[in-house]
Amino acid sequence: MKAFRSFNQRYLCRRCNPHLRHSAQSLNLSRLSSTLASSKPTNFSWFFFHNDRWGTNPELWRSHLGDAMPPPITQAIATQTLDMSQYPPSSAVYPYKQTEAMTSRQLLKVYWQLSKPHLSMFVILAAMSGVALSPLPTTVPVLLSTAIGTALCSASANSLNQIQEVPFDAQMARTRGRPLVRHAISPLHATGYAVLTGIAGPALLWTMTTPTTALLGAANIALYAGAYTWLKRKSVVNTWVGSVVGALPPLMGWTACGGTLFPSSAHPIEIVLPSFLSAVSLDLHAIDNPLAPLALFIFMFCWQFPHFNALSHLLRESYAQAGYRMLCVLSPTKNALVALRYALLPIPLCSILIPLSGLTSWTFAIVSLVPNAICAEAAWRFWRNGRDKDARRLFQHSLWYLPVMLGLMMICKRGLDWGSWLGTQEDGEDEARESSSITKA
């Protein structure tokens, strides 16, 4: 409005000025603004400048060459007296610096950055939760092989993702420092690292765990580096595909112990009711219920949306600048609504489906209500207000929510005898034996 008034005062006559001022005041500018007008204003800054910006700027030449500045190129072209010998090469104005060879430590750091360590840590945590929640026995070699194989698969997928997104990462302030953008490593070198880890990860899982785990690891690489990366610039469906990628690692941990994913005659679907509703006792120490990994998959799938939608809302300017078709850019209101929807879904999931599957005891249905209520309240505020403050609060809650919920699942794991772990059961048995011996005497 200030720019509009200054334009009126400077360039319009006195007769036209009042009419235009009245029309500007009657225009409802709030309807033209975004639904997030109360939040931080959008500032799309550009990272690149065209080379012509500097080619015909005499001030830039004068700052480097002083009085020996040649005539402008445009003037030389107009007079047909262009002599490129008068113009020094670009290396004279902008001298190049020789790049030093990387040491082994620096190269390992680049590999670490290509692997996206923070994202890979969450993937490994999810895979280890599948191993810990599985009722089937496991060994230390299987546990370590699952962790290392999952890490290699994640490193390959993240590296292939960065190789394809170099032009777009260069336009985002959050990703400008990635190794391929700053030319710390060549694309060929990065591709070799991605191929090597992409082969080693599934091969290790195939050899040390099960073929199903290896196939899930290879599918995770294909979905993330293929479908998800391609869809980011095509459709908002990329968020749902990315959620499937994030929900597969727990299944890798489950199958690494020998668990099955699909029902069969040998492994039918079992429904575990509370003790006061069923008199049938199941041997839950060795039950392999296909409903359990399905419940774990749905839980991990739902967690992705409050986590990513809140983060993408904070980075919507960068996503718009790079041309990504994210829901936070196309429809911020719907982006918050989707986050709320998937923040509410874990409440019945954790209170009904997960205990019914035998993955945890029914105690988990009660203790999980508190973390679920906290995240649901944060998601509701984000949807109601749509502010950056509420999005940041929801994102921070999602960071602690996942490890806390997985930890509660392990504590409330069905068939886990904490008395034997803490040593209280043996003491109770000894006391019972002493009391029975006293009674006999």
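According to the unreviewed UniProt entry, the feature "transmembrane region" is placed at residues 184–206, 212–231, 240–262, 291–315, 336–356 and 362–382. In the predicted model examined here, residues 184–206 are 87% helix and 0% strand, with the end C-alpha atoms 33 Å apart, while residues 362–382 are 90% helix and 0% strand, with the corresponding end atoms 31 Å apart. Over the whole chain, 24 helices and 0 strands are assigned.

When contacts between residues at least 6 apart in sequence are considered, 72% of them join residues at least 24 apart.

The largest nonpolar core comprises 54 residues, and those with the most contacts inside this core are Phe-299, Tyr-319, Ile-354, Phe-364 and Met-409. Helix H15, spanning residues 291–314, gives the most to the core, with 11 residues. At least three residues of the core are drawn from each of domain 1 (103–235) and domain 2 (260–277 + 285–417). Leaving aside residues up to four places away in sequence, Phe-299 touches Leu-349, Cys-350, Tyr-401, Leu-402, Met-405, Leu-406 and Met-409. A second, separate core contains 11 residues, among them Ala-310, Ala-339, Ala-343 and Ala-378.

Aromatic pairs number 12 in the structure. In one of these, the ring centres of Phe-168 and Tyr-324 lie 6.0 Å apart and the ring planes meet at 65°, so the pair is classed as edge-to-face, the cut-off for that class being an angle over 60 degrees. This pair links distant parts of the chain, given that Phe-168 lies in helix H11 (residues 166–169) and Tyr-324 in the loop between helix H16 (316–322) and helix H17 (327–330), 156 residues apart. Tyr-324 has a relative accessible area of 4% and is therefore buried, a term that applies under 20%.

An edge-to-face arrangement is also found for Phe-301 and Tyr-342, with 6.0 Å from centre to centre and 75° between the planes. Here too distant parts of the chain are linked, with Phe-301 in helix H15 and Tyr-342 in helix H18 (residues 332–344), 41 residues apart. Both Phe-301 and Tyr-342 are buried, and these two residues belong, together with Trp-240, Phe-297 and Phe-305, to one aromatic cluster.

Methods
Residues numbered from 1 in each chain as written. Predicted model: local features only at pLDDT ≥ 70, side-chain atom pairs only at ≥ 80, totals over all residues. Heavy atoms only, no water. Helix = DSSP H or I, 4+ residues; strand = E, 2+ residues; numbered from the N terminus. Contact = heavy atoms within 4.5 Å. UniProt positions renumbered as here; feature names shortened; annotations may be inferred. Core = buried A, V, L, I, M, F, W, Y, C linked by side-chain atoms within 4.5 Å. Buried < 20%, exposed > 50% of the residue type's maximum accessible area, 1.4 Å probe, protein only. Domains from an automatic or database assignment. Phe/Tyr/Trp six-rings, centres within 6.5 Å; stacked < 30°, edge-to-face > 60°.
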